[in-house]
Amino acid sequence: MSSLAFLHLGNLVLTLPLAAAIAAWLLAARAWRAAGCWLLLFGAALAIVGISKLAFLGWGASIPALRFQALSGHAAGATAVFPVLAYLLLRRFAPTAAALGAAAGMMLGALLVLVLVATNEHTAAEAGAGWLVGATASAGMLRIARTTRAPPLAAGMAASLLACLATAWAMQRARVGYWMVKLAMALSGNRHPFRWDSGG
């Protein structure tokens, strides 16, 4: 897998549909509290990343000494989603398999951090901080998921697939980056955003 293809694993156009699929899986199991907690945890991770990006785009908020401009959304999204996804899918086979799957998801997020830094997509501080945000969200959800039951396989797969496809379709038209810049400009009153490569 090329670096570009691997980086796509953290893209919001993939992680958000997968997060929706996880919520649908939990809803199919009638795990209402767990589904709500997942949406809150994943939403909080996205919000933290989004706020850091808005702060830089609108006001140039950064930490030059650490070469930090904003959290990596790719690192946060992948590390939040893949451990939980692996845990829920593998739990019906054995608790050990589920635990190993969750650990592999965390390692996948860590590997993504290394690739982000190696390809100069983010600095170590930005990618590492994103990983911590995602890991916190997934770790919180993994504790909650231990007490949930799995849905009937057909119902769970159908609900998850429908949620994933619907969210993926919506994301193709969302233009998240464009609207983030527009919001940063509206909030800050600046006519132009700060450039990501300007160092603040």
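Leaving aside its neighbours within four places in sequence, with which residues is Thr148 in contact? In this predicted model, Thr148 contacts Leu26, Ala31, Ala34 and Arg91. Thr148 sits in the loop between α6 and α7. Its relative accessibility is 13%, so Thr148 counts as buried. The cut-off for that class is under 20%. The side chain of Thr148 also reaches back to Ala145, whose backbone oxygen lies at 2.8 Å. Ala145 in turn belongs to the α6 side of the contact between α4 and α6.

That contact joins helix α4 (residues 73-90) to helix α6 (residues 124-145). The two axes are 6 Å apart, and the packing angle is about 25°. α4 is therefore roughly parallel to α6, as angles under 35 degrees fall in that class. The crossing of α4 and α6 is right-handed. From α4, the contact takes in Ala75, Ala76, Thr79, Ala80, Pro83, Val84, Tyr87 and Leu88. From α6, contributors include Ala127, Gly130, Trp131, Val133, Gly134, Met141 and Leu142. By class, the contact of α4 with α6 holds 15 nonpolar and four polar residues. No charged residue takes part in the contact of α4 with α6.

α4 also packs against helix α3 (residues 32-59). Here the angle is about 170° and the axes are 10 Å apart. α3 and α4 are therefore roughly antiparallel. On the α3 side, the residues are Trp38, Phe42, Val49 and Lys53. They meet Gly73, Ala76, Gly77, Ala80, Val81 and Val84 of α4. The contact of α3 with α4 comprises seven nonpolar, two polar and one charged residues. Ala76, Ala80 and Val84 of α4 take part in the contact with α3 and also in the contact with α6.

A further packing pair is formed by helix α2 (residues 12-28) and α7. α7 spans 153-171. The axes of α2 and α7 come within 7 Å and cross at roughly 150°. The two helices are therefore roughly antiparallel to each other, since angles over 145 degrees count as such. Their crossing is right-handed. The contact of α2 with α7 contains 18 nonpolar and three polar residues, with no charged residues.

Key:
Residues numbered from 1 in each chain as written. Predicted model: local features only at pLDDT ≥ 70, side-chain atom pairs only at ≥ 80, totals over all residues. Heavy atoms only, no water. Axes fitted to C-alpha atoms, helices over the stretch in contact; angles between N-to-C directions. Helix = DSSP H or I, 4+ residues; strand = E, 2+ residues; numbered from the N terminus. Parallel < 35°, antiparallel > 145°, perpendicular 65-115°, else oblique. Left-handed = near helix turned anticlockwise from the far one by under 90°. Contact = heavy atoms within 4.5 Å. Nonpolar A, V, L, I, M, F, W, Y, C, P; charged D, E, K, R; others polar. Buried < 20%, exposed > 50% of the residue type's maximum accessible area, 1.4 Å probe, protein only. Polar contact = N/O pair within 3.5 Å; in protein donor to acceptor, adjacent residues only side chain to side chain.
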